[in-house]
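Subject: the structure you wanted to look at

Hi,

Here is the structure, with some notes on what turned up in it. Have it open next to this email while you read.

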Amino acid sequence: RTTRSDSGWMERPAGVPDTPLNPLHLKGLRGTLAEEEAEGGGAASEGRVGGNMAALGSIFFHPFTVLLLAFPLGILSDQRRWGATSTFWLNILALIPLAKILGDGTEELAAAIKNDTISGLLNATLGNAVEMIITVQTMRKGMLDVVKATLLGSILSNILLVLGTSFFLGGLIGSRENVGKHHVIYDEEYQARRCTPEKEQIFSSKSALVSMAMQLLACMTIALPTIFASASRSDHGYSGLVETKEERDALLLKVSRISAVIIMCSYVAFISFQLVTHKRMLSIDEGADSDEEEDEEEAGLSANASLVLMAVTTGLIAVSSEMLVGAIEEVVAHSHISASFIGIVLLPFAGNACEHASAIRFAIQDRPGLSIGIAVGSSTQIALFVVPFSVVMGWFLDKPMDLVFGMMNTTVMILSVLVALAIVIDGRSNWLKGFMLCTAYGFEAVLYWYANKI
């Protein structure tokens, strides 16, 4: 309803009688309504602040948060010259909680946006932000071999160590009942207990096989440039029009950069397949009504608060990783740890420790689908996105980062992917399969411990 006044037509507030209104009365009513709206807005603002504080509390209230003490100690070690070894280990420890906080911030931002496609893109792109930051910092120091070792180690730790530990513990730790949606215990007289050897977990293999197929594609994109580099040599020098090592390296670099762009296009196609074109197919295959699908939760942090948290954490990770990378050369020179072992084992562990713990926890809870999604999905993102990203960043930083990983690294990666593929292809897991994957990772860790001593 509207009413006429000297200043024109005005809305009649609810509850006001249908009689001519004095403009002064309307002014008073507007003031009252404005005050009520301000009070409501203030209450909403207080609610948002309270929700943000509660969400931050849940993020920081975690056992790994204690390791944040290593961050200021790492800075002191670097500034006060406590030694490269102290700086290295303190910053390794500091990266563990920082990586967790950055991952939590990414998830909170994805939840605040409330758009499945954008949320999936955020998680897919920023899920390995720690590896990307470490890659850039290491590349700036010119340590390209450590960059390649870190990327390879991140892939191996996910598809061998994390997946293997998840299968091993998930196949041994008992369940409440002998038959469930995602597990079977082959014991007719089974009683709920902590450990049982007759357990087998069941998961959808379709999504895992898509990721493993993309892993094989990534192996090819690394293997072919490596073979191309070896084939360009001959017994009497360089074949074709290439006459010097510099010309050969320039040609390999050009091939790697073109290949990196092609791989990133494959990653875009992979994400589109998962989030757009076949989203429904994958969700049905994984069982939309299963207990793997949790009830949708409202975002604890607002989008702005999530962005601030991510920006601050990214800055801290950049500072910590810079000090860490600066200490690597001295640590290698004055200890028995090789640069390959640091890149293959230590750096990936620091960046993915919390993510690894989540995958193992889901497997223990008889939710192997989520566990495989974390382990295999993360390694696929690294192979198809972070690896070509490192080549492109080397292009911008004028660093000769290429896709020639060496015959040993390439062989290790291909065999590891084939072993993981053979393990997940039937959609079932048990403790023996997990033990096999952990054994493969342990063997490779020993191999790289002695790699530079031959």
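Among contacts in the chain with a separation of 6 or more, 75% are between residues 24 or more positions apart, where contact means heavy atoms within 4.5 Å. Before the rest, a word on where this comes from: it's a predicted model, with local features needing pLDDT of at least 70 and side-chain atom pairs counting only at pLDDT 80 or more, while totals for chains, interfaces and linings use all residues. Residues are numbered from 1 along each chain as its sequence is written, and side-chain values use heavy atoms, with hydrogens and water left out.

The chain has 14 helices and eight strands; these are DSSP runs numbered from the N terminus (helices are H or I with at least four residues, strands are E with at least two). Of its 454 residues, 45% count as buried, meaning under 20% relative accessible area with a 1.4 Å probe and protein chains only (exposed is over 50%, partly exposed in between).

Now to H5, residues 129-140. Its twelve residues should span 16 Å at 1.5 Å a residue, and the end C-alpha atoms are 17 Å apart, which agrees. The expected span is 1.5 Å times one less than the number of residues. Ten of the twelve are buried, including Val 130, Ile 133 and Ile 134. After H5 comes Gly 142, with a positive phi near 80 degrees.

H5 has two helix partners to look at. Two packed helices are described by the angle between their axes and the distance between the axes. The axes here are lines fitted to C-alpha atoms, for helices over the stretch in contact, and the angles run from 0 to 180 degrees between N-to-C directions.

With H12 (residues 368-396), the H5 axis comes within 10 Å and crosses at roughly 30 degrees, so H5 and H12 are roughly parallel. On the H5 side, the contact involves Glu 131, Met 132, Thr 135, Val 136 and Met 139, and on the H12 side the residues include Phe 385, Phe 389 and Met 393.

With H6, the angle is about 165 degrees and the axes are 8 Å apart, so H5 and H6 are roughly antiparallel. (Under 35 degrees counts as roughly parallel, over 145 as roughly antiparallel, 65 to 115 as roughly perpendicular, and the rest as oblique.) Glu 131, Thr 135, Thr 138 and Met 139 of H5 meet Leu 144, Val 146, Val 147, Leu 151 and Ser 154 of H6.

H6 itself runs over residues 144-172, and its 29 residues reach 41 Å from first C-alpha to last, close to the 42 Å expected. Of those 29, 24 are buried. Where does H6 bend? The bend is at Ser 157, by about 40 degrees, taken as the angle between axes fitted to the seven residues ending there and the seven starting there. Ser 157 is buried, with a relative accessible area of 2%. Leaving out residues up to four places away in sequence, Ser 157 touches Val 162, Pro 348, His 356 and Tyr 441.

Met 413 is buried at 2% relative accessibility.

Cheers
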